[in-house]
Structure formats: structure tokens, C-alpha cells
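Student: I'd like to learn how to read a few features in a model like this one. Can we start with burial and rings, then move on to charges and pockets?

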Amino acid sequence: MIGASIPPWEPQPDVWLLVAVLACGYWIAMVRLGPEARATSRRGSTRQYVAFAAGVVGLWVAADWPIHGIAEQRLLSVHMVQHFLLTMVVPPLLLLGIPAWLFRLIVRPGTRTFACLRWSARFLPALVIFNVALVVSHIPQVVYTSIQNGLVHFSVHVLLFTSSLIVWLPVVGPLPEIPRFAPLTRCVYLFTWSILPTIPASFLTWGKTPVYTAYASLPRLWGLDPIEDQQIAGIMMKTGTGLLLWALIAVTFFRWAAEEERQMRRAHHQDVRDRAALGSETRSP
């Protein structure tokens with residue numbers, strides 16, 4: 001049906017509860033969690049507070065009205081926007097907002113769970129886990145079932161979000177025990193990550209028939225027919241992820257290059273000072 005309206009507002013108590021638990025739990029952990037957490041050295045920085053707050057707000061926006069309603073009842077393209085927020089925006093912000101001491105309390109180094117997480121956050125395992133979750137979430141039958149069943153819809157989002165936390169850990173993770181990749185390795189990692197989602201995105205962008213028949217039968221918004229909606233979804237999936245990851249590659253590379261140049265200058269200046277000192281000692285009687 002062309003010209004349908006945005007789904008009416010509906011209360012989302014589960015979303016509100018999740019957002020409240022995250023926000024309140026973070027505040028309690030940072031301010032009230034035992035005497036050691038009250039020390040200045042144990043509290044987070046302003047940057048961490050802002051990052052975590054932005055991540056919680058991003059989660060709220062992705063999971064609540066109107067994005068959730070449109071993604072579930074109207075347009076595949078908005079469904080992709082929702083997934084982009086849940087995989088590429090919210091997880092890194094939350095990880096950037098959690099101090100190392102708090103993350104240790106959550107993952108418990110020394111346990112089997114932590115060992116599994118550390119193994120998963122390596123180059124190949126992390127990319128495989130994320131992309132398997134991405135492929136599973138885009139299987140037509142899974143998409144159809146998730147539209148019809150709220151529990152399946154929630155489970156798909158949990159799968160995507162969890163795999164995204166794993167794939168982001170080597171990039172922005174807070175723990176030395178799960179170290180971030182070195183700059184050049186990080187660039188290769190992000191480049192590989194940016195290539196893989198183009199495969200499912202190409203089926204959406206160049207498809208001549210609807211890949212997801214469930215969306216083809218839903219009421220339409222803004223005059224978009226199913227093929228146009230599908231093409232926009234594919235373009236957003238490819239370009240949105242690609243632009244973000246390539247921007248991170250550029251930032252990582254130029255920071256690494258700048259740091260290498262600073263080290264070379266310091267070494268050169270130190271060499272000049274050493275030569276000058278040696279010459280002074282040679283000239284002294």
C-alpha cells in the first residue's frame with residue numbers, strides 16, 4: 001500500500017527498562033561501587049562518560065519509536081539503519097565509555113568466559129563471528145520470522161549486538177589483557193571488515209526482485225516501492241559501514257604516521273645533542 005503512515009507510537013517498556021538498567025548500573029558502578037571506586041584514579045574521564053551516554057542514547061533511538069516501528073512494519077532500509085546503529089555505533093561507544101577496572105569486573109579475567117572472549121577477539125575469529133551473525137540475520141526466513149515474532153526479533157538483535165562487541169574489542173577495547181591491535185594491523189583488520197559486508201549488500205543493491213518478500217507485502221512509506229527500498233538498504237549497508245571503517249583507517253594511519261615522525265625527530269634531536277656533547281668533551285683539555 002502506497003502512502004501509508006508511520007506506525008503509531010507504542011510504549012516499549014522492555015527498551016526503557018534496558019536503557020534504565022544500563023544508565024543506572026553505570027552510574028552506580030562509577031560512583032557507588034565500593035570505596036576503591038570512589039578514588040579519583042578509579043573513576044572514568046569526561047570522555048568516557050560522554051561516550052557511554054551517547055551509546056545508551058543510540059541504543060534507545062535504535063530500539064524505540066519511530067525507528068523500531070518503521071523497521072519492523074514498513075521499510076527494509078530503516079531496518080538497515082537500525083542494524084547499523086546496533087552494530088557500528090552503539091557497541092564502540094559503550095566500549096569507549098567503560099574504564100578498564102569496570103570491564104574487568106564484568107568479564108572476570110581468569111575465568112573460562114574471559115578466556116573464550118579473549119580468543120574470540122582475535123583477528124580471524126572476530127571477523128568470522130561478526131560476519132556469520134550478519135549473514136544469519138539476513139537470511140530471508142530469519143528476517144520474515146523476526147518480523148512476525150517479537151522474541152526472534154529480539155534474539156537477532158542480541159546476536160548482532162554481541163558479535164559487534166567482540167569485533168570492536170581489538171579496535172577500541174579498554175583492557176590490556178585483550179590488547180588493541182597495533183596501528184598497521186588495525187588498518188588491515190578494518191579494511192578486511194569493510195570488504196565483507198559488501199557481499200550481502202550487493203544482493204540487495206542489484207537485485208531485480210524483492211529478496212525479502214515479507215517487506216514487499218508491508219505498507220509502504222514515502223512512495224518507495226519494494227525494489228527501491230531494497231536498493232537503498234543495500235547502499236546504506238555498503239556505504240555506511242564502509243565510510244565509517246575507512247574513516248577509522250585514515251585516522252589510525254595518520255596518527256601512526258605522526259607518532260612515527262615525532263619519534264624520528266626525537267631520535268634525531270637526541271643524536272644531535274649526543275654529537276654536540278661528544279664534540280665538547282673532545283675539545284676540552
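Student: Is tryptophan 168 buried or exposed?

Tutor: Buried means under 20% relative accessible area, exposed means over 50%, and partly exposed is in between (1.4 Å probe, protein chains only). Tryptophan 168 has a relative accessible area of 2%, so it counts as buried. Bear in mind that this is a predicted model, where local features need pLDDT of at least 70 and side-chain atom pairs count only at pLDDT 80 or more, while totals for chains, interfaces and linings use all residues. Residues are numbered from 1 along each chain as its sequence is written, and side-chain values use heavy atoms, with hydrogens and water left out.

Student: How many aromatic pairs does the structure hold?

Tutor: Rings of Phe, Tyr and Trp (its six-membered ring) pair if their centres lie within 6.5 Å; planes under 30 degrees apart are stacked, over 60 edge-to-face, and the rest tilted. The structure holds twelve such pairs. One of them is tryptophan 168 with tryptophan 193, edge-to-face at 4.8 Å centre to centre and 65° between the planes. That pair links distant parts of the chain, with tryptophan 168 in helix H10 and tryptophan 193 in helix H11, 25 residues apart. Helices here are DSSP runs (H or I, at least four residues), numbered from the N terminus. Tryptophan 193 is buried too, at 0% relative accessibility.

Student: Which ring pairs with tryptophan 193 at 6.1 Å centre to centre?

Tutor: Tyrosine 189 does, again edge-to-face, with 65° between the planes. Tyrosine 189 is buried at 0% relative accessibility. Ring pairs link Phe123, Phe130, Trp168, Phe181, Tyr189 and Trp193 into a cluster.

Student: On to charges. How many salt bridges does a search of the whole structure find?

Tutor: Side chains of opposite charge can pair when their charged atoms come close. The cut-off for a salt bridge is a side-chain nitrogen of Lys or Arg within 4 Å of a carboxyl oxygen of Asp or Glu. The search finds two. In one, arginine 104 meets glutamate 177 at 2.8 Å, N to O. Arginine 104 lies in helix H6 (residues 100-107) and glutamate 177 in the loop between H10 (150-172) and H11 (183-195), so this bridge ties together parts 73 residues apart in sequence. Both partners are partly exposed, arginine 104 at 29% and glutamate 177 at 24%.

Student: And which residues meet in a salt bridge at 2.7 Å, N to O?

Tutor: Glutamate 259 and arginine 262. They sit three residues apart in helix H14 (residues 226-283), so about one helical turn lies between them.

Student: What volume does the largest pocket have?

Tutor: Rolling a probe the size of a water molecule over the atoms shows where empty space is left. On a 1 Å grid over the protein atoms alone, a pocket is an open set of points where a 1.4 Å probe fits, with protein on both sides within 12 Å along at least five of seven lines; lining residues have an atom within 4 Å of a point. Points are joined across faces, edges and corners, and the volume is the space filled by probe spheres set on them. The largest pocket holds about 1000 Å³. Of its 39 lining residues, Leu18, Leu22, Leu59, Val158 and Phe161 are closest to the centre. H10 gives the largest share of that lining, ten residues.

Definitions and conventions: Helix = DSSP H or I, 4+ residues; strand = E, 2+ residues; numbered from the N terminus.
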